Amino acid sequence: MQLLRRRPLAASRITDSWLASAGTTASYPVSSANDFVGYQGIRSAQSAISFQGIAALVHSCSEQLNVGARNFSSTSASADSDSEQENGSSSSSSSSSTFTTVRRAGVRNVAIIAHVDHGKTTLVDKLLRATSSDLGELNRLMDSGELEMERGITITSKVTRMHYNPSASNSNGSNGDAGIIINAVDTPGHSDFAGEVDRILSMVDGVCLLVDAAEGPMTQTKYVLSRSLALGLRPLVVLNKVDRPNAVAKLESGETESDLLDLFDALGACDDQMDYPTLYGSARDGWMTDNLETAYKIANGKMEPNDETGMQVLLNAILNHVPEPAIRQYPTDEQPFALAAVTVGRDTYMGRTCTGRIVSGSIGLNDKVKVLPRDGGEARAEETTLGGIFVNRGISRTPLEEGRAFAGDIVTIVGVPDHMAVGDTLTTVDAPIDEAILTPPLAPPTLSMEFGANTGPLSGTEGTIVTSSKVRERLYQETDNNVTLSTELSDTDSEKTVVLARGELQLGILAEQMRREGFELMISPPRILTKMCPVTNKKLEPFEEVIVDVDSDYSGTVVSSLTGNRKGILMEMTENSDGKTRLLFEAPSRGLLGFSSEIASATKGTAVVNHCFLEDRPYAGPLGLDSARSKIVSSAQGKATTFALANLAQRGTLFIEPGESVYPGMVIGESAKSRDVDMDVNPTKAKELSNMRTQAKDEKLTMPPPKRMNVEELIGYMAQDEIIEVTPLSVRLRKAELDPKVRARTKKGKKEKI
Ligand SMILES: Nc1nc2c(ncn2[C@@H]2O[C@H](COP(=O)(O)OP(=O)(O)OP(=O)(O)O)[C@@H](O)[C@H]2O)c(=O)[nH]1
Ligand SMILES: [Mg+2]
C-alpha cells in the first residue's frame, strides 16, 4: 500500500527511542522492519505492545515533555501569584535553551473522563449551571453535533471555560468573570473515539474520573484511567448515579470502591495518585457530597439536597486537587510562545482555527504567527496575522476580552496558517520557540475499510456527490481534522481509498456524516489490522477484553455466541444479586464485529457489551461466521412487490419493504435456515392475473416490518464478499459481484480448491 497522508501526531521521533526509554511491557519485541505501512512509527512502537505497554510509552513521552513530571504536593491553590516555582521541577533541554517547569496560578485544566454513558456530559451541564447565572435548563449542552444529539453519545471532546469563586456569597460561587478559571474538557467515553482522549489529556493537569456507582469500573474506565495515570495526571473520583436503585447497595457493600482501588493499584498509580479524593453524587439530579452517609440519605429520600450538597463540592475538589497548569519558564527575558494544536478546524469567515493549551509565553491579537511541523523540520515560510483569540463558554465561542492569552490557558486561535494540522506547534514570529512541542503517541488503528464511489446500478440516483475523487478529497479533509483516522491508497483498486480507524462505530459515523453531505459511496468489508511477530514470524492480531452484563437467563446464549465461531475465551463469570451476570471474555477483535447487535436481539436487549484493546496475540484462525449465514439476494431489477416479499418473509428476515428499488446482487434479507449457499430470488415478481376476484385475499398479505441496519451495524454484519452502498436516502447491502452466475462459479472454484 502506498502512504498517502502524513501519519497522525506521533512522528517517528517519538517511536523507537521513546519506546526504549519507556521500558514497556511489550508482549513481543518491536521491530521497525515489521512496520505496518503508513504507520511506520506508531505501528512499530505500539501495535505489538500491550495495554500496559502503551501506558508506559505515554509516560515516557510525558516525561520528555516535562509536563507530566508532576510534583503535586507543591501545588498552590492560591490565585494571587502569577506563577510559582515548583519544588523539585526538573530542567529539560529544548534545542539550545533550557526551561524549568513552573505553575500558573488562577487556572485549572481538568478533563472529565469515564466509561461510555457514565454521565460526563450531564455533569458538565451542572458545572456550567453552577458557575453561570445566565444559563437556563441544559440537556447535554456539550453534545452539540447533529449525530451526537441524535445518538446521545459524545463523539468529539470539547472544552468549556468557567469562572469559579469559592468565597462568593452565592452558594454556587457564580459571579461573572471573576474567580478562578476552570477549563473543563468533556471527553467521549466510547472506545472508538478514545484517540480523542489521548490528545486531550495532554492539555490538562488533572482528571475527574466518573464511575457509575451501580456499574462500577468498566473497560473504558480502565483505559482512560491508565492513560491519565501514565501521564502523571492527578485524579479525583466521582461515584455518579448514586440515585440509581442498586447503587446504594453496591456502595454499602464497598464493592464499587474496592474495585476502583484495585484498579488504581493494578494500573501502577503512584502514592499521590492513590490518594485520590472520592465524591458521591448524581449529575442528573445536581447534587454532590464527600460524605457517604449524606449520599445514602439523599439517595434514599431521607434528606433533600441543600446548599451544602451542590456542585460547589466538586468545584472545590477541583481547586484543591487538580494542580495549576504546568508551564515552561525559559531563562530569557522574553518567553517564547508555543501552543501544540489539539484540534484544528475552519471558520467560514476567518479561516483556519486551532485549539490547544499554551505551553509557554503569551500571544496577543497583533502577533504574527508561524507553524512548526509536528514531525520536526523547519517552520514553513507562511506567516499570518491572527483573526482572533477565543475561549468557549459552553458551546459558544467568545473573544478573549483581555486580548492576550498566557501559558496555561486553553484557547482557540483563529486565522492560523492554512497548512496547520493537529499536533503542529504554533509559535510567534517575534518570540519563536526552537522546536515543536512533542505530543503523546496515539493508540494504533484496529481496522481498515475501503471507501469508493458508488458503482452500483442505482448510482447517481440518490446523491449529489458521486465521484471517487470527491470521496477521496472528503476523506483527506477528515484526516486533517481528525488524527485518529488516516488514509492510504488501495493496493487493489486505484479508485478506492483505505480508511484506518479504531472501530466500526467510528467508521459508521464517518459514513453517516458523508451521506448527510450528499455523498454516494461504497464501503468494503472491514479488515482487522494484523502484523507479523519478529520472533516467531507468526501472524499477530489484536485481542480485546470484553465485558458482557446480561440477565442471568441469557448468559448461556452469550457464552455460546462469543466462544463458538467468534473464538472468544470465557475468563470469569460473576452472578450478581440483581439477577444479572457479568461475563468477562478475551476475544480477537475480528470476532467482535457485529457481536453487539447479534447479542442484542438474542438476549431481548438485556445485554450490555463493552470491550477494549488488550494486546496483540497469535492469529486465532478463521472464524466461522460467514458460512453460518445464508443471504436472500435479489436476481432482478425493479421495485419489490408486496406479493413477492410476503412469500419471502416466510423464508427468513427481510431488510426491505414493498416499493423499494432492488437490483441483481442486492442483499434483501437473511434466510431462516443456515445453509452453505445464498438464495437468489426475484422480489419484483407480481401475482399473475386471472379472471377470479382476489382482492380480499390480496389484502390479507401481511409481513413483519423489515429489519433495518445502520452503517455500523452492517459493518459488523456483512460477509467478506459483500459491499455496503451508502447514499443520502438509503443504506443497502450488496454482493461485490452482482452477477449470480459469476458468484456461483467463484464459490465452486473456491470449494474445489479446498
Ligand atoms: N440515574 C442517573 N442517570 C444519569 C446521571 N447522570 C447522567 N445520567 C444519564 O446517563 C445517560 C448518559 O449521560 P451522558 O451525560 O450523556 O453520559 P456520558 O458519559 O457523557 O456519555 P458518552 O459521552 O457518550 O460517553 C443519560 O441518559 C443521562 O441522563 C445520574 O446521576 N443518575
Ligand atoms: Mg458525553
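1. A contact means heavy atoms within 4.5 Å. In the protein chain, 74% of the contacts with a separation of 6 or more are between residues 24 or more positions apart. The model is predicted: local features need pLDDT of at least 70, side-chain atom pairs count only at pLDDT 80 or more, and totals for chains, interfaces and linings use all residues. Residues are numbered from 1 along each chain as its sequence is written, chains are lettered from A and ligands numbered from 1 in the order in which they are written, and side-chain values use heavy atoms, with hydrogens and water left out.

2. The protein chain has 22 helices and 41 strands, taken as DSSP runs numbered from the N terminus (helices H or I, at least four residues; strands E, at least two). Of its 754 residues, 57% are buried; buried means under 20% relative accessible area, exposed over 50%, and partly exposed in between (1.4 Å probe, protein chains only).

3. T121 (OG1) and T154 (OG1) coordinate the magnesium ion (ligand 2) at 2.0 Å. T121 belongs to helix α4 (residues 120-131) and T154 to the loop between α5 (146-151) and β6 (158-164), so the pair ties together parts 33 residues apart in sequence. Both threonines, T121 and T154, are buried. Donors are N, O and S atoms within 2.8 Å of the metal (3.2 Å for Na, K and Ca); water is not among the atoms, so sites may look incomplete.

4. The largest nonpolar core has 41 residues, and L201, L209 and F264 have the most contacts inside it. Such a core is a set of buried Ala, Val, Leu, Ile, Met, Phe, Trp, Tyr and Cys residues joined through side-chain atoms within 4.5 Å. Elements giving two or more residues to this core include β5 (107-114), β8 (206-212) and α9 (255-266). Not counting residues up to four places away in sequence, F264 touches L209, L225 and V237, among others. A second, separate core of 30 residues includes A130, M162, M288 and V322.

5. R140, in the loop between α4 and α5, is not a glycine, yet has a positive phi of about 50 degrees. Its relative accessible area is 35%, partly exposed. K241 also is not a glycine and has a positive phi, about 60 degrees; K241 is in the loop between β9 and α8 and is partly exposed, at 23% relative accessible area. Most residues other than glycine have a negative phi.
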